[in-house]
Amino acid sequence: MDEQHILARLNLLRIEHRDLDSAVAALSDGGVPDQLQLARLKKRKLKLRDEISQLEDYLMPDSIA
């Protein structure tokens, strides 16, 4: 996987993560939230955050080995 492809994937993941942030906020602010839907959105956000972190680590590995 080349760096350009990874950067493009990172960009898409960050956009999706931001969109999920908005969806979670909207669902939470809308009166009585659907707890199951809210939990699913939050779980997806965590998965995205993990994938983002992995790709960032791949692009910029720690210099201490």
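**Figure 1. Burial and overall form of the predicted model.** Of the 65 residues of the protein, 18% count as buried, where buried means under 20% relative accessible area, exposed over 50% and partly exposed in between, with a 1.4 Å probe and protein chains only. The protein has 2 helices and 0 strands, these being DSSP runs (H or I of at least four residues for helices, E of at least two for strands) numbered from the N terminus. This is a predicted model, in which local features need pLDDT of at least 70 and side-chain atom pairs count only at pLDDT 80 or more, while totals for chains, interfaces and linings use all residues. Residues are numbered from 1 along each chain as its sequence is written, and side-chain values use heavy atoms, with hydrogens and water left out.

**Figure 2. The salt bridge between Arg9 and Glu51.** The side chains of Arg9 and Glu51 meet at 2.9 Å, N to O, a salt bridge being a side-chain nitrogen of Lys or Arg within 4 Å of a carboxyl oxygen of Asp or Glu. Because Arg9 lies in helix 1 (residues 3-29) and Glu51 in helix 2 (residues 35-59), the pair ties together parts that are 42 residues apart in sequence. Arg9 is partly exposed at 34% relative accessible area, and Glu51 is also partly exposed, at 25%.

**Figure 3. The salt-bridge network of Arg14, Arg49 and Glu56.** Glu56 forms a salt bridge with Arg14 (2.5 Å, N to O) and another with Arg49, their closest N and O atoms being 3.5 Å apart. Glu56 counts as partly exposed at 23% relative accessibility, as do Arg14 at 36% and Arg49 at 35%.
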